[in-house]
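Hi,

Here is the structure I promised to pass on. My notes on it follow below.

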Amino acid sequence: MVLSLVLKFLYPPPPSIVVTAMSLFSFVVLTNAGWKEAKGENMQYSKLLNKKEKPAPSVPSKIGMLVLYTPALIAGVSSFFLCPIGSLRFTLLRSAVTAHFLKRVLEVLFVHKFSGSMEVEAMIIISLSYFGSAATSIYNQLLEETIPEPVVDLKYTGVALLALGLIGNFYHHVILSRLRSLKSDFKYKIPKGGLFSLVICPHYLFEILGFVGISCIAQTIYPLSFTVGSTFYLMGRSYATLKWYRAKFDEFPEDVKALVPYIY
């Protein structure tokens, strides 16, 4: 009964070892990473980068961020050349994946202002995660091309959620970039504007919303697994970020949450 209800919303999992393994792997690894973030074992980039007596190999943050997103963008773009013909859902899915990572690359180039560094280990791990998610999402959708669609069609709902997620994420990234009005201004400040009065990581909240949108467009097992795992990871990362702000700024508002207004 539960399975029949689920299959109204999802395609049946394809008989693919790759998709099954990647679904389990992404969920477990991302969930564990979120738990480690909450415990203070943070991925070494941005403001949560720890200063060590023996620094690990690192690269400038801008270079690191480009390496994070570019392989996944290439995977999305390549799918249009490798599989030029596809259903509307398949076209929407790979367009969504491509748009998500194209936006991130353009933000790195033209919006964000960087001052720190990123450890090479963190750069490689996150880059592989994003590339794997993009490639596997597209491959999973390709395997479902000849399968009847789920009874409940969520693809247009997914497009709307993705658009809202991309716009909200971009808006709050712009707010963060404007905190540094001068290129020489490398000091962290308490963000203000948008949803920053309610949560310290509204850009994460909208990123999750975008991932939910992609899952709704696809209605396949892998994007859902990646979205759930990413949600747990960003919950842990936002909690760690909130702790960082509270430790750094005595005047930080006590009622500001980590990720979800009024709740978490």
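Of the contacts in the protein (heavy atoms within 4.5 Å) with a separation of 6 or more, 83% are between residues 24 or more positions apart. Before you dig in: this is a predicted model, where local features need pLDDT of at least 70, side-chain atom pairs count only at pLDDT 80 or more, and totals for chains, interfaces and linings use all residues. Numbering starts from 1 along each chain as its sequence is written, and side-chain values use heavy atoms, with hydrogens and water left out.

On the overall build, there are eight helices and two strands (DSSP runs, H or I of at least four residues and E of at least two, numbered from the N terminus). Buried residues (under 20% relative accessible area, 1.4 Å probe, protein chains only) make up 45% of the 264.

Now the helix pairs. The axes of α6 (residues 155-178) and α7 (residues 202-218) come within 7 Å and cross at roughly 160° (lines fitted to C-alpha atoms over the stretch in contact, angles from 0 to 180 degrees between N-to-C directions). The two are therefore roughly antiparallel (over 145 degrees). Among the α6 residues that meet α7 are Gly-158, Gly-165 and Gly-168. That contact divides into 12 nonpolar, nine polar and two charged residues (nonpolar is Ala, Val, Leu, Ile, Met, Phe, Trp, Tyr, Cys and Pro; charged is Asp, Glu, Lys and Arg; the others, Gly among them, are polar).

Helices α2 (residues 17-39) and α8 (residues 221-248) pack at about 10°, axes 7 Å apart, which makes them roughly parallel (under 35 degrees).

Cheers

Notes: Angles under 35 degrees count as roughly parallel, over 145 as roughly antiparallel, 65 to 115 as roughly perpendicular and the rest as oblique. Buried means under 20% relative accessible area, exposed over 50%, partly exposed in between (1.4 Å probe, protein chains only).
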